Amino acid sequence: MPVPSYPPFPDNVPTHPLFIIDHELIKAGDPKEIERLWEAATSLGFWYLKNHGTENEVDAMFDLGAKVMSLPLDEKMKFSQGDGGKSFGYKSLGSNLIEASGLRDAYEDFNIAKDDAVSYPSVTHRTYPTPINDAMQSVVAPFVRKSVEVTKMLIDVFNDKLGLPADELGRRHSITEVSGNQARFIRVPSNLPLGKTARGHHTDFGSLSFLHNRLGGLQVLLPGTETWQYIKPIPGHAICNIGDALHILSGGVLHSNIHRVLPPPGDQANFERHSVVFFLRPGNSVLLNALTEESSLIKASVDRAEPGRFTTGTTAGEWHSRRVKYRRAINQKDPQSWVAGQGTEGKIY
Ligand SMILES: O=C(O)CCC(=O)C(=O)O
Ligand SMILES: [Fe+2]
């Protein structure tokens, strides 16, 4: 399907500029480009990635996402994540909180485990609706495989820059270990009431997010301020960001930034907002503690931070499940339930 033609992102709305990193140059080991990537990852932790070679797979995923989201609600609910902290499957509109006060979100998403895409037709975690099954080998698995390749290459660059022994990060993201790696389709309804937040502020749970946007709405909180700014989508450019796992493993050297999703600005608000993401996460058994023994740079950063800040003592699997479970509105028993869903943005773990 051709990319729908949307109204342009309005030019009277402030946006936050990001580094544009050329994946081809990174692959070729270009020292200047590696320096720019490092600067992006250690400052805001967000950057555009161009020439990532996944453009066709991403377009096919947008088409599949539209098909999956247009299934009847009762069909999607047959594949629900449930409320126990599982992140593969369907999350319905309004089932999460966007803030402690009890306000609900305005987005739905459908998540496909990397492990299920790769093992199909064998089931590793769970089953999926027919349109996903039909496209698992032709659309989902190629997108997942390329996304893993792209994100793992960036992780190898961070491994070197952090002064870690070879493959310390890579082996914690082994493709063969069961993990929370997943592809996600997101839909935000059109014409939401003015001032409504679609997806509440959060940091991402995993290591690296590889996000594809066609409409505006994504905003970042500028560190140390109360200012939110839009990230303007650029055709063919992915948006990458560091998540909590890499933030913790690197002792805070890599930055996991708070972001949220608002309805698209200007005339774009008249359209449903679809996005596609791949989340690279550590293997479920990986301990989320800073790698201080393995890198003096990481140790120095941890030594400057408050004690315990980068020692969670929990595994990536536990971390992920806790955060998913306690964002669910139904699991809010007391004020502590909201706090239990927080990641590095909450500093409480
Ligand atoms: O849809 C977007 O632009 C961002 C989604 C997001 O932040 C997430 O799924 O973690
Ligand atoms: Fe996110």
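How many Å separate an oxygen atom of ligand 1 from an N or O atom in the side chain of R273? I looked this up in the model, which is a predicted one. The distance is 2.9 Å.

**Entry 1: polar contacts of ligand 1**

For S275, I noted a polar side-chain atom at 2.8 Å from an oxygen atom of ligand 1. For H259, the corresponding entry reads 3.1 Å, again from a polar side-chain atom to an oxygen atom of ligand 1. I then looked up the cover: of the 290 Å² of accessible area that ligand 1 has on its own, the protein covers 97%.

**Entry 2: the shell and its site**

I listed the surroundings next. Ligand 1 has 13 residues around it, and R184, R199, D204, R273 and S275 come nearest. By class, I recorded five nonpolar, four polar and four charged residues in this shell. As for the site itself, I found that ligand 1 takes up the space of the second largest cavity. I then asked which elements give two or more residues to the shell. They are strand 5 (182-188), strand 6 (199-202), strand 7 (208-213), strand 11 (259-261) and strand 12 (273-280). Strand 12 gives the most, with three residues.

**Entry 3: a cis peptide bond**

I turned to the backbone. Which form does the peptide bond from Y120 to P121 take, cis or trans? I noted that the bond is cis, with omega near 10°. I located P121 in the loop that runs between helix 5 (114-119) and helix 6 (130-161).

**Entry 4: positive phi values**

D167 has phi near 65°. I placed D167 in the loop between helix 6 and helix 7 (168-171).

I found N191 in the loop between strand 5 and strand 6. Both of these strands are among the elements that give two or more residues to the shell around ligand 1.

Key:
Residues numbered from 1 in each chain as written. Chains lettered and ligands numbered in written order. Predicted model: local features only at pLDDT ≥ 70, side-chain atom pairs only at ≥ 80, totals over all residues. Heavy atoms only, no water. Near = heavy atom within 4 Å. Polar contact = N/O pair within 3.5 Å; in protein donor to acceptor, adjacent residues only side chain to side chain. Areas by Shrake-Rupley, 256 points an atom, 1.4 Å probe, with all protein chains shown as cover. 1 Å grid on protein atoms, 1.4 Å probe; cavity = no way out; pocket = protein on both sides within 12 Å on 5 of 7 lines; lining within 4 Å. Sits in = over half its atoms within 2 Å of the grid points. Helix = DSSP H or I, 4+ residues; strand = E, 2+ residues; numbered from the N terminus. Nonpolar A, V, L, I, M, F, W, Y, C, P; charged D, E, K, R; others polar.
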